[in-house]
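Hello,

Here is the structure I said I would pass on. Please open it alongside this note; my findings follow below.

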Amino acid sequence: MMQYKIPTRLDAVNAPEVEQQILQKIEKEKPDSVLCDFSETVYISSAGLRVMLVLSKVMAKTGGKVTLRGMNDDVYAIFKMAGFQTILNIEE
Amino acid sequence: MRWIKKSLFLKLALLIVASSGVVLAIVMVVSNYNLRKRVIENQKKYYSALSLQAAHDINLRFFEAKTVVDKAVLVFKSKAITRAGSLNILRNVVRENPMIGGSAIALAPNQNFAEAGFQMLYAWRENDSIKSANRISPEEDYKSDWFKLPFTQKKEVWTNPYIDTDINKMMVTYSTPVIVNGEVIAILTCDLILDQVEQLLSSLELGHEGAPVLVTNEGQIILYPRKEWILKETIASIGLKLKDAANRKTMEELSEYLIKNKSGFFRFKSINSDDMVWLYFNTISLSDWRIGFLIPESSLLNPVYDLNKKMFLIAVLGILALLIPAFFVSHSITRPLKALCNAADHLAVGDFDTSLPKIKNTDEIGRLVHDFDRMRVDLKAYIKTLASTTAEKEKIASELSIAREIQHGILPKLFPPFPKYSGLDIFATLDSAKEVGGDLYDFALLDNNKLYISIGDVSGKGVPASLFMAVGKTLLKSTIQTINDPAKALHIVNNELSENNDACMFITLFCGILDLETNELLFANAGHNPPIIVQGENSHFIQPAAAPPVGALADINFKNETLPLPKDSMFLLYTDGVTEAMNESKQLFGDNTLLQLMQTEKFHTAEKCIATIKSQVKEFVGKAEQSDDITMLCILNKNYKTIESEKEKFETSIVFTNSKAEFQRIASWLEDLADKLKWPQPFLIQLNLALEEWIVNVISYAFTDNDIHEIEVTLIQQNNTVTLQVTDDGKLFDPTIYDPADTTSSVDERKIGGLGIHFIRNNVEKFNYERKGNLNVVRMIKKIAT
């Protein structure tokens with residue numbers, strides 16, 4: 001299981017960089033599951049949601065699981081706004 | 001024989017040869033048959049003539065001999081009978097005719113032999129001399145045929161032939177009686193040697209299988225290839241000896257026929273083989289012998305067989321030779337066909353430049369090639385036209401959609417448009433039919449608290465109507481801005497539009513100026529639908545003075561009228577796209593329905609009013625296609641004059657450049673403001689989301705050059721409402737026309753991207769776009785929840 005800590009903000013500013021980091025890590029470790037830690041995140045924009053979607057699609061190819069954990073209410077509300085709560089595995 | 005089936009060339013060539021061959025064969029058979037008949041006829045004639053000729057020849061010889069004897073008889077009768085004299089006569093007879101081998105005088109038994117000096121005298125040819133002597137045994141002679149027959153019958157007689165043992169030759173004797181006073185006193189004879197006859201017959205051309213036949217009138221064989229039968233058999237006797245019954249019958253019939261007939265021909269099966277034989281014969285009249293020729297049928301028909309062979313050979317050679325022109329003809333037909341086939345293949349894949357063979361002839365093939373070539377040329381041109389037409393259409397389609405964007409862009413769409421006048425609730429909408437519409441509405445704040453409003457409907461739809469509309473709107477607005485007089489403005493605009501209006505388009509227009517201080521509307525109408533005013537319980541149509549639409553005829557004077565729009569009154573302008581909206585049963589929505597709707601519903605905002613009407617119309621129309629632009633403008637007076645006080649208003653602005661590095665400034669700018677204005681965290685986050693989405697979008701997509709562009713963001717907060725306005729000079733992009741993103745599909749189905757606009761809409765209450773000149777202006781309004 002690979003762990004990744006999502007930064008405080010995941011938006012247009014740093015989304016491309018974060019995406020690259022995660023994907024490189026996956027290619028190196030080839031994990032069977034990935035855990036994204038949102039405990040310190042206060043803001044995510046559509047750019048950040050896109051990163052989560054890319055991650056899920058990549059892992060789905062190898063049958064791996066992606067878990068998003070530790071979101072606060074505001075962040076969860078944003079995921080809900082985009083309808084992502086049904087397609088991504090979000091835990092408390 | 002599949003290779004024949006596949007090749008027209010071979011089929012054609014073989015067909016030509018085969019049919020010619022059949023015709024040739026039929027011709028050959030028929031002519032062969034005719035020929036055969038003709039040949040047989042000819043042969044018959046020939047052999048008949050030959051036998052006749054032979055008979056004549058032999059007869060002539062006999063006659064010559066007979067004449068000599070007959071002459072001798074006369075001489076004998078003329079003198080007294082003496083030995084010397086008689087000898088002389090005999091010698092003369094023999095001498096005179098080389099065919100005569102001997103001659104005799106036999107005195108009748110009752111004559112005076114002593115007086116005569118002899119009984120029977122005989123002279124004969126021996127080598128080169130003629131000898132004479134008494135007959136040795138006259139008694140025997142008196143018994144023989146040559147004496148008895150003429151003596152008893154008192155007439156000349158030709159005896160049957162016999163072999164003279166002395167000279168070993170075949171002879172025949174001619175005896176003639178010497179009659180004096182009715183009595184036969186002597187018999188005079190001559191013996192004819194028949195070897196000349198033999199020679200004659202054998203010299204004839206009978207073919208190498210033909211044979212001469214000489215028989216007596218009783219069928220006794222005188223001359224015949226079978227030497228053992230000569231003088232020993234008759235035809236009948238031969239027949240009797242045969243074993244085969246059929247052969248016997250043949251001989252019987254032959255014998256009968258010969259004896260009965262003097263001339264003719266008889267066809268019978270040979271007794272030696274299975275071949276048929278022909279016998280042509282005639283009669284030597286003097287001796288009544290039958291002279292004939294036996295010709296086997298096969299040699300008779302030789303000429304026919306010969307000819308058959310020749311004809312067959314010629315036919316075969318002919319057919320072989322025919323192959324050449326047949327191949328040639330076939331080739332001349334199949335070559336262009338092959339070329340056409342080839343060309344068709346090329347055409348099928350779109351190669352229209354394939355060349356066709358040059359055919360000079362004007363027969364069907366030539367015409368086919370010519371027509372095919374024409375078709376090719378036509379196809380090429382047609383496809384070219386089609387391609388360019390399609391390209392044109394696509395160009396037009398894309399131009400149409402651009403035109404739609406432009407047209408929609410020039411309409412004022414920012415609501416609320418005049419935040420300063422918070423008592424003025426104004427809302428408008430335009431739903432166009434067929435991409436680009438002919439309706440228009442417009443409003444603008446003129447100087448000194450006056451609001452210009454207008455609504456119009458151009459005759460027609462599509463690009464021409466929209467262009468006309470654009471011109472009309474611009475013209476009216478600019479005129480009104482200088483001349484605050486609706487009637488005059490319409491007059492001027494009308495003159496402009498009716499000039500050079502070849503298409504004779506026109507616009508129904510309602511144009512008004514609302515004085516925000518006096519609540520009075522000054523208006524003029526040019527043929528447009530009567531507006532509706534709602535005041536409390538009362539709602540009715542305004543009946544403006546009748547006037548024609550603008551653009552049709554020049555120099556029309558319009559009339560200014562006034563209408564008070566007091567507080568809480570609602571004023572609705574609309575086009576006939578609303579009242580004449582048609583459902584599938586071809587029913588119209590109707591003026592009254594609209595009025596009823598305005599009457600019964602109590603709308604709190606102009607926007608609600610228009611939204612309700614729109615949804616009612618939509619419901620009414622159902623599945624039918626929207627036939628006309630649906631346009632409405634609604635004003636609700638909530639005390640226009642109220643101008644919000646300047647206090648409690650906060651305004652600030654910031655400029656971003658179009659680089660991704662600027663993204664982080666958005667968040668920090670908003671954070672500072674949140675701090676200053678005490679925004680709740682969720683509010684900040686939501687506003688951040690909306691603003692970020694839009695700015696990111698502008699920076700990413702609005703600019704197609706590599707220049708630096710500025711994006712100005714203005715924030716106004718008043719009455720717990722934040723208004724963000726973003727202005728950029730990028731390419732026209734109206735985000736409000738895009739469908740909301742799909743937020744319900746699965747991970748696989750979800751497209752990456754497209755969430756931005758969704759985010760904006762979800763986070764702010766109002767999201768409007770307006771194109772102002774070369775600027776995109778986007779406004780977002782969000783209320784701070786209390």
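This is a predicted model: local features need pLDDT of at least 70, side-chain atom pairs count only at pLDDT 80 or more; totals for chains, interfaces and linings use all residues.

Ala15(A), Val18(A) and Ile22(A) are buried. Viewed down the axis of helix 1 of chain A, the buried residues fall within an arc of 65°, so they line one face of the helix. An α-helix has 3.6 residues a turn, so residues three or four places apart point the same way. The cover over the buried residues of helix 1 of chain A includes strand 1 (2-5), strand 2 (9-10) and helix 2 (46-62) of chain A.

Helix 1 of chain A runs over residues 15-29, 15 residues in total. From first C-alpha to last, helix 1 reaches 21 Å, close to the 21 Å expected at 1.5 Å a residue. Lys30(A) follows helix 1 of chain A, with a positive phi near 45°.

Next, Tyr76(A). This residue sits in helix 3 (residues 73-81) of chain A. Tyr76(A) has 17 C-beta neighbours inside 10 Å, so it counts as partly exposed. Between Tyr76(A) and Phe38(A) there are 9.9 Å in space, C-alpha to C-alpha, and the two are 38 residues apart in sequence.

Last, chain B. It has 20 helices and 27 strands. Of its 786 residues, 32% count as buried. Among the contacts in chain B with a separation of 6 or more, 64% come from residues 24 or more positions apart.

Best wishes

Methods:
Residues are numbered from 1 along each chain as its sequence is written. Chains are lettered from A and ligands numbered from 1 in the order in which they are written. Helices (H or I, at least four residues) and strands (E, at least two) are DSSP runs, numbered from the N terminus. A residue is buried if 20 or more other C-beta atoms lie within 10 Å of its own, exposed if 12 or fewer, and partly exposed in between; C-beta atoms are placed from the backbone. Two residues are in contact if their C-beta atoms, placed from the backbone, lie within 7 Å. The expected span of a helix is 1.5 Å times one less than its number of residues. The arc is that of the directions from the helix axis to the C-beta atoms.
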